[in-house]
Amino acid sequence: MATVFLDLALAFTAATLLPSAVDHLLRPRRFVALVREHGVVPSALASTVAGGVAIIELVIGLAAGGVFVGFVPTAVTPALLWTTTALGLLFLAYLRRLLTRPARAATEASCGCSPFIGRTTTAAYAPAAGLVLFAGLALVGLLAVGFDAAGSVSTGRTALDLVHLLPALWGLTLAVLASLIPATVPPQTRSDHRLEVTP
């Protein structure tokens, strides 16, 4: 069971972070402007934060995909899962801060959390929450069965093995859905809270 969660987490992580990293790296000015407009970090640090986020997304996404297909040593698996969980928590904290600034959040065209553009709503939590959930489940699975410094629980498999491919396909599917959610949920307006009574 531990390998099911591991394969799902690796696929979800790669499929969530790599498209986001590519989008941020291909349009760096847009991403820097977005981070600056969010107002969560000081304006002077916006380009550093945006560049750092894009590079971290790329490295973690490539590492997750690399572990799955066997290009990256499995010894990095525990550290990769801890890092993914921490990154997801940082993204959640950033989004929480952004969403508590209604004046900014209401004017945003995007949260920057997905390559698909949509208004900033609580649905923006989906990709980051998925990172925390699936990497966390994989970590719990690894801790339950035990693993050594070489990450032995994930050795001896290939990406083409059906037992490992099916959870990875679920991870890929869930990553696409989590990335689409922020772009498809309309922002809540004040009128959404009113109950209209007709005579």
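Student: Okay, in what order do the elements of the chain run from the N terminus on?

Tutor: Before that, a word on the model: it is predicted, so local features need pLDDT of at least 70 and side-chain atom pairs count only at pLDDT 80 or more, while totals for chains, interfaces and linings use all residues. Residues are numbered from 1 along each chain as its sequence is written, and side-chain values use heavy atoms, with hydrogens and water left out. Helices (H or I, at least four residues) and strands (E, at least two) are DSSP runs, numbered from the N terminus. The chain has seven helices and zero strands, and from the N terminus on the order is α-α-α-α-α-α-α.

Student: How much of the chain counts as buried?

Tutor: Buried means under 20% relative accessible area, exposed means over 50%, and partly exposed is in between (1.4 Å probe, protein chains only). Of the 199 residues of the chain, the buried share is 43%.

Student: Is T84 buried or exposed?

Tutor: T84 sits in helix α4. Contact means heavy atoms within 4.5 Å, and beyond residues up to four places away in sequence, T84 touches T13, I60, L131 and A135. Its relative accessibility is 1%, so T84 counts as buried.

Student: How far apart in space are L8 and P167, C-alpha to C-alpha?

Tutor: L8 lies in helix α1 and is buried, at a relative accessible area of 13%. Not counting residues up to four places away in sequence, L8 touches F134, P167, W170 and G171. L8 and P167 are 159 residues apart in sequence, yet in space their C-alpha atoms are separated by 4.9 Å.

Student: What distance separates the end C-alpha atoms of α7?

Tutor: The expected span of a helix is 1.5 Å times one less than its number of residues. α7 has 23 residues, so it should span 33 Å; the model agrees, with its end C-alpha atoms apart by 32 Å.

Student: What covers the buried residues of α7?

Tutor: Those buried residues are H164, P167, A168, G171, A175, A178, S179 and P182. What covers them includes α1 (2–26), α3 (46–69) and α6 (125–145).

Student: Which residues do salt bridges that share partners join into one network?

Tutor: A salt bridge is a side-chain nitrogen of Lys or Arg within 4 Å of a carboxyl oxygen of Asp or Glu, and the count comes to two. D23 and R27 meet in one at 2.3 Å, N to O, and R30 forms one with D23, the closest N and O atoms being 3.7 Å apart. D23 is buried, with a relative accessible area of 10%, whereas R27 is partly exposed at 35%. Through shared partners, the network joins D23, R27 and R30.
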